[in-house]
Amino acid sequence: MFICNCNLIKLKIKSMSIQTVNPSTNNLVKSFQEMSIREVDAAISKSTSAFQNWRKTTYKERADLLHKVASLMREQKKSLAKLITLEMGKIISQAEGEIDLSADIFDYYAKNGAEFLADKTFSPEFGEAFVRYTPMGVLLGVEPWNFPFYQVARFVAPNIMVGNTILLKHASIVPQCAIAIEDLFKKANAPAGLYTNLLLSGKRTSSIVSDERIKGVSLTGSEVAGASVASEAGKYLKKSVLELGGSDAFIILEDADIDKTVEWAVVGRMNNNGQCCVASKRFIAVEAIADEFLTKFRDKLSRLKVGDPMDPTTELGPLSSEEAILHLLDQIRRSVDAGAKVLLGGKRVNRPGAFMEPTILTGITRKIPAYYEELFGPVASFYRVKDEQAAIDLANDSPYGLGGSVFTQDIERGKRVANQIDTGMVYINHPTWTQADLPFGGSKGSGYGQELSELGIDEFAIKKLIRVSGLSDPF
Ligand code: NAP
């Protein structure tokens, strides 16, 4: 196994501060000073003042700002994408795709927000009643590094439309992306305090949830971080949304078109260098087609071009950090020690940086860590099952409930299977994915609440009932 001598030293430095470390080389690029308690306090005050004005703006004013941010993003697509690739190693074409998707989300809420937030009328027996959407106030967003712009967009765009103001604590390994997003708001002439980047470490974040000026918190990330933030929110009776990890099943039924299914399996597992919450992580094939699927899947994975993520011909880049690859290697080692087999890969690539071989694990039973842990990297877990029912049972035997997919040529069958899978999203003939106008959210250990679509704008809006009665109407 190749380990650059300086990796562990760098890891230690990284865990202590907010830094850009290029995962393709593991070289430190830039360090940032974490905000002091006083600076965080000032940021919360500024956001609170900004809210008093922002809540009075019209939907048109809010939409104009969101459109402006979207167009700036598109204008700066190349440079923003390069920042993503530099800081967390996403291959450059996907980084550009992420900027497009993020801009789409801003435009989507600018275009549709007013309609989603229009009064909802009710028809009581007498008088008048309607629900008016009103903003909550200052919100804290805690976001992960794996989609540095998209994760922020899907929390921020709907909430700015609602009239809330935002404090954004981004992952410590993507500080330049975090600063770039704040700059987009400045360039779009957003009022001071509307969107504030908090350069803050994860371990200090939960403590600010208790601040009475913060009215709600949304976290996308691991269960540990989610539980920490949500327990603080619960203690202080604040609304929270959690978008956590996943271990999506990718079910292949005997009537699936195998060649096309294999192509989607590669995309589903390897997109974002294997680091999507909704990546296809558990491949569950029914006996009749298991061998054919596995042979073709293995063949395609073994031929992926691993390399520099800035090179447009690269198909698989590094993991986001040295810490991430060490964690993944440890999960593989513990799984193999417990009896799993490595059918492909299983090691880091013999070059500097956090590069992991495309990997397939087989022989996974309930006693093996890979059965229930999320493998956040280019590692596919393969399972062979007797039939459709066994595939559903295995898919559901997971602490997670994020997404999942079913491959079959019989769409009605696919819908029947989807109906029996205990997750927040199931895609038929496609890996779980995302777009501005479709809801996104999980169940079980994958969190609660929704983002995107009309549902995503609801979470941090107060639905205030306004009821009109005649003075002589009954009690
Ligand atoms: P993470 O370690 O939980 O970090 C996510 C964010 O939480 C970062 O900003 C981090 O700050 C912060 N954080 C860490 N510990 C915290 C704590 N104790 N209290 C408050 N905040 C804390 O997760 P990650 O490793 O970056 O992201 C990968 C995970 O996110 C995977 O499990 C993935 O599946 C999940 N994810 C879920 C979704 C979804 O929509 N369901 C989407 C993307 C990713 P620091 O960086 O400073 O530690």
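Predicted model: local features only at pLDDT ≥ 70, side-chain atom pairs only at ≥ 80, totals over all residues.
Trainee: Where is Thr-432 found?

Mentor: Thr-432 sits in the loop between strand 17 (427–428) and strand 18 (443–444).

Trainee: Is Thr-432 buried or exposed?

Mentor: Buried means under 20% relative accessible area. Thr-432 has 3% relative accessibility, so it counts as buried.

Trainee: With which side chain does the side chain of Thr-432 make a polar contact?

Mentor: The partner is the side chain of Asp-248, at 2.8 Å.

Trainee: Which residues are closest to the ligand?

Mentor: Arg-154, Ser-172, Ser-222, Leu-244 and Glu-374 are the closest, out of 31 residues that surround the ligand. By class, this shell holds 12 nonpolar, 14 polar and five charged residues.

Trainee: What is 2.5 Å from an oxygen atom of the ligand?

Mentor: An N or O atom in the side chain of Ser-222 is at that distance from a ligand oxygen. Backbone atoms also take part: a polar one of Glu-143 is 2.8 Å from an oxygen atom of the ligand, and a polar one of Leu-244 is 2.6 Å from a ligand nitrogen. The ligand taken alone exposes 900 Å², of which the protein buries 84%.

Trainee: Which pocket is the space taken by the ligand?

Mentor: That space is the largest pocket. Helix 6 (150–162), helix 8 (202–209), strand 8 (214–220) and helix 9 (223–235) are the elements that each give two or more residues to the shell around the ligand.

Trainee: Helix 9 is also the place of Glu-223. What is its relative accessible area?

Mentor: The relative accessible area of Glu-223 is 31%, so this residue is partly exposed. The C-alpha atoms of Glu-223 and His-327 are separated by 15 Å, and the two residues are 104 apart along the chain.

Trainee: Now the backbone angles. What is the phi of Asn-26?

Mentor: Asn-26 has a positive phi of about 65°, although it is not a glycine. Asn-26 lies in the loop between strand 1 (18–22) and strand 2 (27–32), and its relative accessible area is 2%, so it is buried.

Trainee: Where does Lys-444 lie?

Mentor: Lys-444 is in strand 18. Its phi is positive, about 45°, and Lys-444 is not a glycine. With 40% relative accessibility, Lys-444 counts as partly exposed.

Conventions:
Residues numbered from 1 in each chain as written. Heavy atoms only, no water. Near = heavy atom within 4 Å. Polar contact = N/O pair within 3.5 Å; in protein donor to acceptor, adjacent residues only side chain to side chain. Areas by Shrake-Rupley, 256 points an atom, 1.4 Å probe, with all protein chains shown as cover. 1 Å grid on protein atoms, 1.4 Å probe; cavity = no way out; pocket = protein on both sides within 12 Å on 5 of 7 lines; lining within 4 Å. Sits in = over half its atoms within 2 Å of the grid points. Helix = DSSP H or I, 4+ residues; strand = E, 2+ residues; numbered from the N terminus. Nonpolar A, V, L, I, M, F, W, Y, C, P; charged D, E, K, R; others polar. Buried < 20%, exposed > 50% of the residue type's maximum accessible area, 1.4 Å probe, protein only.
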